[in-house]
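Student: I would like to go through this structure by asking what the terms rest on. Please set each value against its definition.

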Amino acid sequence: MLKRISKQQSKHPNSSTKRAKMDDMSSGTESDYAKYWIDWFLEIKGNEYFCEVDEDYILDRFNLTGLSQEVPQFYAEALDMITDNLDEEALTDKVREQIEKAARHLYGLIHARFVITTRGLAKMLDKYKKADFGRCPRVLCHQQALLPVGLSDIPLTKTVKLYCPRCEDIYNPKSSRHAAIDGAYFGTSFPHMLFQVHPSYMPPKSFERYEPRIFGFKIHAIAEQHRWQDRARQEFNDKLKDDDEKDQA
């Protein structure tokens, strides 16, 4: 098991908030106040899209290959913080804050790898079944549950989007907190990998399309062609007028 953080050691940037909560409690043991770093991270408002990465996965250094290059500063300290092995008492507030920032980024990168493993897919599937990521805003998708997806696997390039497996389109998260999450923390492959492994959860494709009508009658396709012809004719006439004015000048 991971080493549990003591109340004195819990001094993340949010530690003042945590201590305030502790002070509000009139009863409870020391173990009630203790927190794993990952538990603390997942409870932060805005981190609801993340799942808990298994301890064994983080401790296997093979799974972290190459991540030290993505987190060039305080990589070792950030990893120790995530696994609750960092002695924070010896750190200044400024250094602790920098390590905390590195730890969040490192956890996101580890998370992107974990969610495409068998265990990670199972955890994210549970969240998908509860619609923890929200539902498709498209009316004709009938409240289809969404999945997070990145538009790039390169960190700090694109924020996370939400993928609808019914209409196969992507949407921006409603919450600004969620909209600021790096898309690389989920990757471009995750939702599609999930349905490859769990095909029974793939919803049927939506063939319903909204049909514009006037007084209940469909707008015939020829009307759109006529509108295009009118625009093209107007553009051509405008061009002729401009050419005549240039010739007269």
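**Values and definitions**

Student: Why is K127 called buried?

Tutor: K127 has a relative accessible area of 13%. Buried means under 20% relative accessible area, exposed over 50%, and partly exposed in between, with a 1.4 Å probe and protein chains only. K127 therefore counts as buried.

Student: What should I know about the model and the numbering?

Tutor: This is a predicted model, in which local features need pLDDT of at least 70 and side-chain atom pairs count only at pLDDT 80 or more, while totals for chains, interfaces and linings use all residues. Residues are numbered from 1 along each chain as its sequence is written, and side-chain values use heavy atoms, with hydrogens and water left out.

Student: What makes the contact of K127 with D132 a salt bridge?

Tutor: The closest N and O atoms of K127 and D132 are 3.7 Å apart. A salt bridge is a side-chain nitrogen of Lys or Arg within 4 Å of a carboxyl oxygen of Asp or Glu.

Student: Is D132 buried or exposed, or in between?

Tutor: The relative accessibility of D132 is 33%, so D132 counts as partly exposed.

Student: How many salt bridges does a search of the whole structure find?

Tutor: The search finds eleven. One of the other pairs is R233 with D230, where the closest N and O atoms are 3.1 Å apart. Another joins the side chains of K239 and D243, at 3.4 Å from N to O. There is also a network of salt bridges that links D54, R119 and K123.

Student: Why are R233 and D230 separated by about one helical turn?

Tutor: They are three residues apart in helix α11 (residues 221-248), and that is why the separation is about one helical turn. A helix here is a DSSP run of H or I with at least four residues, a strand is a run of E with at least two, and both are numbered from the N terminus. K239 and D243 also lie in helix α11, four residues apart, which is about one turn of the helix.

Student: How many aromatic pairs does a search of the whole structure find?

Tutor: Twelve aromatic pairs are found. Rings of Phe, Tyr and Trp (its six-membered ring) pair if their centres lie within 6.5 Å; planes under 30 degrees apart count as stacked, over 60 as edge-to-face and the rest as tilted.

Student: Why is the pair of Y49 and F133 called edge-to-face?

Tutor: The ring centres of Y49 and F133 are 5.6 Å apart and the planes stand at 70 degrees, so the pair is edge-to-face. Y49 is in the loop between α3 (37-43) and α4 (55-59), and F133 is in the loop between α8 (118-129) and β1, 84 residues apart.

Student: What makes the pair of Y49 and F186 edge-to-face?

Tutor: Here the centres are 6.4 Å apart and the planes are at 75 degrees, so the rings of Y49 and F186 are edge-to-face. F186 lies in the loop between α9 (176-179) and α10, 137 residues from Y49.

Student: How do you know whether Y49 and F186 are buried?

Tutor: Y49 has a relative accessible area of 2%, so Y49 is buried. F186 has a relative accessibility of 1%, so F186 counts as buried. One aromatic cluster includes Y49, F133 and F186, with W37, W40, F41, F50, Y107 and Y185.

Student: Which residues is A102 in contact with, leaving aside its neighbours within four places in sequence?

Tutor: A102 is in contact with V71, Q73, F74 and A78, where contact means heavy atoms within 4.5 Å. A102 lies in helix α7 (residues 93-114). Its relative accessible area is 9%, so A102 is buried.

Student: In what order do the three strands form the open sheet?

Tutor: The order is β1-β2-β3, with antiparallel pairing; two strands pair if DSSP finds at least two bridges between them. β1 (147-149) and β3 (169-171) each have a single partner strand, so one side of each is left without a neighbour in the sheet. Three bridges join β1 to β2 (residues 161-164), and P148 stands opposite L162 in β2.
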